[in-house]
Amino acid sequence: MQLYGISDLMSMSVIPSRYKVPAALHEPITLTSYGEGVCRRLMRVRNFKWPEARLACLLSFYHEELLVDHLKTDIDALVSALNEEIQSGRVLHPFIWGRELYDKAFTLFAREPRSLDHTESMRLLQDTPRGVFQQIDLVTGPLGILRSREMRDAPSTVKAPLYHCAKRSCNIVHGAVLMTSDSQVAKTQEKLEEIFEKEYGVASDFYEFISEVQMGLCNYYGDQRSISEIPLLGECFSGDELDAILLEALKGKSAPLREVLSANKIAVTDPREWIAGLDKAGKMQALLLMDSRSLAAAIDGAVYSGGIDIPPHEVREPKIMRFPSGHYRLVSECSRYGVRTIPVDATLAMVRLRRLILSIYSLSDETATRELGWRLRKTPGSSVEEKLERYLGKEEPAEIIRNLVLVGPGPFSIAAEKCGVVQDRVERMEDEELLNVLLWKLGFDPINSDDTSGSLQKHREVFAQMVANFTGFSEAEKYEIKRESTLVFTALEKTLDATLSFATWALTFDHRSAHPKYNYYLSDARSHMAELFNGVPAKSGDRVIYDSQGRNTLAPLISGFSRLRECLSRIQSDADSYLRPVQDMPTYAGLAELTFFPYLHTIPFLDLSLEAQENITEVLRRFTKTLEEGGVSSVRNSLQHQREEFPSQEELLRCIRAIGSFLDEAEKSGLCPTLFQSNGNSRDSAGRTFFSYKDYKGREYVARRPSGIGEAGMPPLLQDQLIIPVAAIRQSTDVLRFSVGARSAYTDLWLDWPKYRASSESPRELLDSIDSSAG
């Protein structure tokens with residue numbers, strides 16, 4: 001298999017036009033008797049030389065029989081020779097794990113590079129990192145050809161992902177084949193394949209045999225390893241973050257990366273100095289020398305220690321080379337809970353959880369079975385097996401893990417081992433965080449508490465209980481009330497700020513023109529809100545200046561909802577001035593007969609149904625009215641500004657009720673940014689599909705398909721997202737929905753993605769020009 005890997009590394013490469021086969025690259029090759037005969041036949045056709053003929057046999061490898069004797073060929077010498085060719089730059093592989101070639105192609109080629117000649121291919125590869133590929137245990141890259149502790153099937157290729165086409169609705173990164181030269185090696189192999197086709201029989205199914213062997217070596221039918229860990233490294237981590245992973249992998253004298261580097265005769269005395277000498281491709285190659293479990297542990301260690309800072313809602317996944325692999329179509333992702341490899345089929349997460357439970361409570365172990373039976377004693381069933389199946393069938397995954405896994409060091413230790421969690425990295429975590437780590441690793445979504453309004457809900461409930469229990473309001477009681485009120489009003493200002501910013505941005509910003517589309521960042525939303533409000537004076541004549549950095553006090557935030565109503569009213573009265581330019585419309589707009597383009601205006605509010613517009617303006621009116629009539633500002637000023645007159649219990653309770661009413665309506669309407677987690681989907685006999693979501697309070701929203709509209713650009717339906725149920729799009733079952741944005745090294749990597757070249761005139765533009773010339 002190593003010999004086949006060498007053949008692949010050589011055949012899938014780009015070589016210069018005058019390439020000569022060195023003796024060191026062909027002399028280690030021993031041909032089979034079948035190969036010798038083929039070689040002599042080849043050399044009789046033309047004046048082909050012996051070195052090129054022997055190498056051509058290695059590159060073709062087999063036809064009816066093997067061409068190369070894998071037992072007698074000196075593989076070590078052959079690896080050494082090929083390594084020399086790669087290191088010298090005479091044999092080139094493209095570095096496809098990232099956007100380096102994509103960006104360079106965008107700079108070099110004004111047109112879409114659908115095909116490249118040899119000269120263009122060499123220009124593209126010049127001054128780019130060396131390609132990193134792995135066949136079985138051989139990993140090629142800037143460090144040379146090295147041997148890995150893991151078997152992987154990531155063969156070399158000369159097809160590189162280089163461009164997005166002009167069709168903006170297409171998310172595929174299209175590739176082009178890099179052309180090797182018309183060298184003597186290429187001519188010889190081309191002639192050999194021609195001889196096989198004309199004079200020899202049908203090729204054997206040796207390829208199928210090789211594939212079967214590779215699948216066995218690379219654990220094709222397992223669910224813990226995936227070659228998608230390679231694009232994860234290349235596309236999801238910055239240079240500094242790769243450094244952090246390498247430092248984790250080099251910690252200690254017996255660190256896994258140290259051991260495998262030593263086995264490859266590479267000594268590392270000063271890790272930071274050694275890492276500083278590597279480019280991105282070299283860092284990736286070094287990491288791929290480890291087995292997948294050690295690699296995952298190094299990534300997790302960097303994440304948990306803060307070397308890689310991942311925001312709460314960010315899930316890092318490759319944007320270019322996200323190809324599922326293995327029998328279960330496995331993909332790799334990374335979040336604040338670490339790296340995971342999961343099947344594309346999300347239903348298999350439950351199968352994995354069942355396997356985990358049975359590994360902790362083996363039904364062949366009497367003690368474990370008795371322990372499991374006791375824990376499931378309230379679940380109906382005639383046997384432990386039946387109880388377990390019923391329990392797994394009805395209970396939420398989080399509860400299963402709480403009740404059967406996070407019950408002691410023994411069960412958790414087994415779970416950590418099975419899920420690839422390094423215990424000493426997580427042992428200081430709180431139970432809820434441990435729960436989320438296990439959920440994430442198994443393939444479930446972590447449980448997210450609401451960051452926007454959850455703290456307000458909690459502090460309001462504590463404050464309400466405190467006020468209700470106090471009667472005479474002694475000085476000690478007043479002190480406690482003032483202290484607790486600080487937490488309540490701080491949380492209220494945070495929630496008001498998020499709600500006003502999100503609602504203003506969601507309803508008045510052109511999300512179709514944004515990059516990325518429909519992606520919510522609080523800082524961006526707040527800046528948009530401040531710019532909009534500060535640009536037009538309020539009807540009341542107030543000259544309140546809203547701060548784009550969030551330094552807005554309670555009163556302006558409460559009155560801000562009235563300002564938003566006024567803005568929406570002005571927009572409605574001048575709707576035609578916000579019509580989307582024709583050139584910004586997608587191709588199907590006005591042409592598709594079954595679905596229509598819903599965003600005819602650059603202001604989303606104008607593309608909502610009339611009923612939704614009326615409901616939203618009424619909700620905004622109630623926000624201000626509720627908080628003002630509840631005396632929220634007055635109570636806050638009395639408690640926080642050291643005034644002599646202390647609020648009465650009734651005033652305090654009225655304020656608390658007003659905050660509760662506002663929060664409840666803000667969350668139900670969706671104008672307060674509340675994360676809804678995907679909760680599954682179903683389909684009826686008519687083909688109608690229903691997607692369920694739940695927020696942190698268990699409130700459900702159901703999205704229905706078909707929606708009646710065409711491509712909208714909003715988040716995929718199976719993704720967790722912010723949903724505004726009150727913002728119904730006209731003539732549709734859909735509402736405004738948004739992804740939760742994050743700022744990190746990962747988002748910085750993809751800031752200007754994708755890149756589109758200036759496309760040729762669209763059919764619509766051509767027709768318009770014909771009409772105008774005819775007129």
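1. Let's start with the inside of this one. The largest cavity holds about 60 Å³ of space. Keep in mind that the model is a predicted one. By the rule used here, the count comes to one cavity of 30 Å³ or more. As a reminder of the idea, rolling a probe the size of a water molecule over the atoms shows where empty space is left.

2. Which residues line the largest cavity? The lining is made up of D510, H511, R512, Y518, R580, Y599, H601, T602, I603, P604, D607 and L736.

3. Six strands make an open sheet in the order 7-12-11-8-9-10, and the pairing is mixed. Strand 7 (519-520) and strand 10 (700-705) are the edge strands; each has a single partner strand, so one side of each is left without a neighbour in the sheet.

4. Strand 7 runs parallel to strand 12 (residues 735-740), and two bridges join them. L736, one of the residues lining the largest cavity, falls within the 735-740 stretch of strand 12.

5. There's also a hairpin to look at. Strand 1 (residues 133-140) and strand 2 (residues 146-154) run antiparallel, with five bridges between them. L138 has R147 in strand 2 as its bridge partner. How many residues sit between the two strands of the hairpin? Five, and G144 in that turn has a positive phi of about 100°. When you look at side chains here, recall that in a regular strand they alternate between the two faces of the sheet.

6. Helix 24 (residues 475-508) is worth a look for its packing. Its axis and that of helix 28 (residues 632-640) come within 10 Å and cross at roughly 135°. That angle makes helix 24 oblique to helix 28. The crossing of this pair is left-handed.

7. Helix 24 also packs against helix 29 (residues 649-669), at an angle of about 30° and with the axes 12 Å apart. Is helix 24 roughly parallel or oblique to helix 29? Angles under 35 degrees count as roughly parallel, and so helix 24 is roughly parallel to helix 29. Here, too, helix 24 makes a left-handed crossing, this time with helix 29.

Terms used: Residues are numbered from 1 along each chain as its sequence is written. This is a predicted model: local features need pLDDT of at least 70, side-chain atom pairs count only at pLDDT 80 or more; totals for chains, interfaces and linings use all residues. Side-chain values use heavy atoms; hydrogens and water are left out. Two strands pair if DSSP finds at least two bridges between them. Helices (H or I, at least four residues) and strands (E, at least two) are DSSP runs, numbered from the N terminus. On a 1 Å grid over the protein atoms alone, a cavity is a set of points where a 1.4 Å probe fits but cannot get out, and a pocket is an open set with protein on both sides within 12 Å along at least five of seven lines; lining residues have an atom within 4 Å of a point. Grid points are joined across faces, edges and corners, and a volume is the space filled by probe spheres set on the points. Axes are lines fitted to C-alpha atoms, for helices over the stretch in contact, and angles run from 0 to 180 degrees between N-to-C directions. Angles under 35 degrees count as roughly parallel, over 145 as roughly antiparallel, 65 to 115 as roughly perpendicular and the rest as oblique. A crossing is left-handed if the near helix is turned anticlockwise from the far one by less than a right angle, and right-handed if clockwise.
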